[in-house]
Amino acid sequence: MSFPKNFYWGGALAANQCEGAYNEGGRGLIMSDVSTAGAKDRLRSITYIDPATQQIKRGPIFHKIPKGCHGIVLEDEYYPNHVAIDFYHRYKEDIRLLAELGINMLRISISWARIFPKGDELIPNQEGLNFYHKVFEELRHYGIEPLVTIVHNEIPLYLEETYGGWQNRKVIECFDRYCETIFKEYKGVVKYWLTINEINQLLLVFDFMDKNVSSSLYQDSFQQLHHQFVASSHAVKKAHEIDPNNQVGCMLCGVTSYPFTCDPKDIEVNQHYWQKIIYYCSDVMCRGEYPYYAQRLWRQYDVQLEISEQDKKDLKEGTVDFYSFSYYATSCTTTHQDTSKANGHFALGAKNPYLDYTDWGSATDAQGLRYFMNEIYGRYQLPLMIVENGLGTSDQCIDGKIHDDYRIQYHKKHLQAMSKAIEDGVELIAYNPWGIIDLISASTGEMAKRYGFIYVDRDNEGNGTLDRICKDSYYWYQNIIKHNGDE
């Protein structure tokens, strides 16, 4: 296989899904702290209180807490992220295991609420800054390059409740302060940054909802997204200003889609899917301006975007240095109604008869990864990083061993696809499979949906020792890294 000599072999984690210690070190609350456990067929709920009536209520995880209400932790509920896998206390052990695995990069996120507990303070929380110093120093001790996500599916809950989150331009100002703080604090320690995780989720989530989405909801989402674009451009500019060695990337959910049939209507609807779900975000972040088809999308969803001349200038001046993305599965778009439906990890639309599906409904499609990489690199000619990829499924620990050949086969096929894309001429510089250590599922709060090469002894109800056990895939990946993919 073909991998460059300076290739980054790594893994990926997220603070809210691995750290735990939700009420330690001066950290403020985030949405996952008030999110209950779900299941494979049931999304999580958020718990909140209405101060006017003192009623305790619940809402879907993808929705906001209603205006005037506050997230609340209930004593009789289980909140999986409160402990997660306790990376906060076990980071030295985990990083040692990752060093023995041989990785030279780890994608990790900073919890904004550890640095600014409410989000709008002027002075950061020193305990939070110190914690990440220790984590980054431990990584550097083993020669592991940190790849840091600035916002990974979480902002301080106070910003959501008080300002309405990204809907309010005030949050850009708070984000700017947060970015400047961490860029200065970790100058010379962190070189690679990602601004906002899977930024296109704001548009993708509508495909999981009832098709009768109100125009006001679209208006809010497109405006929130614009504020995130502006915030990201500010981060790029500030990162380069503070340290010219900094490299900042976008991060998108690489939800590759095919037309289900050769019906021209299917071809057109798939083209529109790519424009809305993928290119709308990446064109702004990579090219620095809204694409021509944005006008069609805004008309279609009755969106009146509030955008200033300064915003346009910032977007143009704050384009990213590289393109990073997650990739798990592919989907099919169609105008035909008489088709079997897929419903898994961002796998919607018609079910592809040429692919196999996991227990969680995702289509395994390594060839689609090569296709996606060629499409993206051909459009932007920016270096690519794969920062999430993997097979989420159940593992059985028998006599202290986990034989996960199915995971090995999944990664082997995707590495082969990556190698072919590199031979095609794509500049791929890093591979960071998701959940390199088992962690809490973002959508369901489960532990049973495992991605890692390292097993964590914890179940869906929070039982277990939290002990780490290396799976068969750990030793396989160790060998892959040792030989730079040649084995």
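This is a predicted model: local features need pLDDT of at least 70, side-chain atom pairs count only at pLDDT 80 or more; totals for chains, interfaces and linings use all residues.
**Entry 1: salt bridges**

I began with Lys 184, which counts as exposed because its relative accessibility is 51%, where the cut-off is over 50%. Its partner in a salt bridge is Glu 180, and I noted 2.9 Å between the closest N and O atoms. Glu 180 is partly exposed, at a relative accessible area of 28%. Both Lys 184 and Glu 180 belong to helix α6 (residues 170-185), where they are four residues apart, about one turn of the helix.

I then looked up Arg 96 and Glu 100, whose side chains meet in a salt bridge at 3.1 Å, N to O. These two lie in helix α2 (residues 87-101), again with a spacing of four residues, about one turn of the helix. Arg 96 is partly exposed at 35% relative accessible area, and Glu 100 is partly exposed at 44%.

Which residue does Asp 424 meet in a salt bridge? I found Arg 370, with the closest N and O atoms 2.8 Å apart. Asp 424 is in helix α13 (residues 405-424) and Arg 370 in helix α12 (residues 366-380), so this pair ties together parts that are 54 residues apart in sequence. I noted Asp 424 as partly exposed, with a relative accessible area of 37%, and Arg 370 as partly exposed, with 31%. I also wrote down a network in which salt bridges with shared partners join Asp 395, Asp 404, Arg 407, Asp 438, Arg 450 and Lys 471. The count of salt bridges for the structure is 28.

**Entry 2: aromatic rings**

I turned to the rings next, and the count of aromatic pairs comes to 37. For Phe 222 and Tyr 280 I noted ring centres 5.4 Å apart and planes at 90°, and the pair is edge-to-face because planes over 60 degrees apart count as such. Phe 222 sits in helix α8 (residues 215-242) and Tyr 280 in helix α9 (residues 264-287), so the pair links distant parts of the chain, 58 residues apart. Both Phe 222 and Tyr 280 are buried.

Tyr 280 also pairs with Phe 229, and this aromatic pair is tilted, with 6.2 Å from centre to centre and 50° between the planes. Since Phe 229 lies in helix α8 and Tyr 280 in helix α9, the pair ties together parts that are 51 residues apart in sequence. Phe 229 is buried at 2% relative accessible area, and Tyr 280 is buried at 0%.

I listed one cluster, in which ring pairs link Tyr 258, Trp 274, Tyr 279, Tyr 323, Phe 325, Tyr 371, Phe 372 and Tyr 380. I also checked where charged groups sit over rings: Lys 118 lies over the face of Tyr 158, 5.1 Å from the ring centre, and the charged end of Lys 351 sits over the ring of Tyr 357, 4.9 Å from its centre.

**Entry 3: strands**

In what order do the eight strands close into a barrel? I read the order as β1-β5-β6-β7-β8-β10-β14-β15, with parallel pairing, and the twist from one strand to the next averages 30°. Ser 326 has Glu 388 in β14 as its bridge partner.

I also followed β9 (residues 256-259), which runs parallel to β11 and is joined to it by four bridges. Ser 257 stands opposite Ser 331 in β11. In a regular strand, side chains alternate between the two faces of the sheet. Strand β11 (residues 330-333) is covered on both faces, with Thr 330 and Cys 332 buried on one side and Ser 331 and Thr 333 buried on the other.

**Entry 4: positive phi**

Ala 21 has a phi of about 50° and lies in the loop between α1 (15-18) and β2. Ala 21 is buried, with a relative accessible area of 5%.

Gln 54 has a phi near 60° and is found in the loop between β2 (45-50) and β3 (55-60). Is Gln 54 buried or exposed? Gln 54 is exposed, at 54% relative accessible area, and its side chain reaches the backbone oxygen of Pro 51 at 3.0 Å.

Conventions: Residues are numbered from 1 along each chain as its sequence is written. Side-chain values use heavy atoms; hydrogens and water are left out. Rings of Phe, Tyr and Trp (its six-membered ring) pair if their centres lie within 6.5 Å; planes under 30 degrees apart count as stacked, over 60 as edge-to-face and the rest as tilted. Buried means under 20% relative accessible area, exposed over 50%, partly exposed in between (1.4 Å probe, protein chains only). A charge sits over a ring if NZ of Lys or CZ of Arg is within 6 Å of the ring centre and within 35 degrees of the ring normal. A polar contact is a pair of N or O atoms within 3.5 Å; within protein, one must be able to donate a hydrogen and the other to accept it, and residues adjacent in sequence count only if both atoms are side-chain atoms. Two strands pair if DSSP finds at least two bridges between them. Axes are lines fitted to C-alpha atoms, for helices over the stretch in contact, and angles run from 0 to 180 degrees between N-to-C directions. A salt bridge is a side-chain nitrogen of Lys or Arg within 4 Å of a carboxyl oxygen of Asp or Glu.
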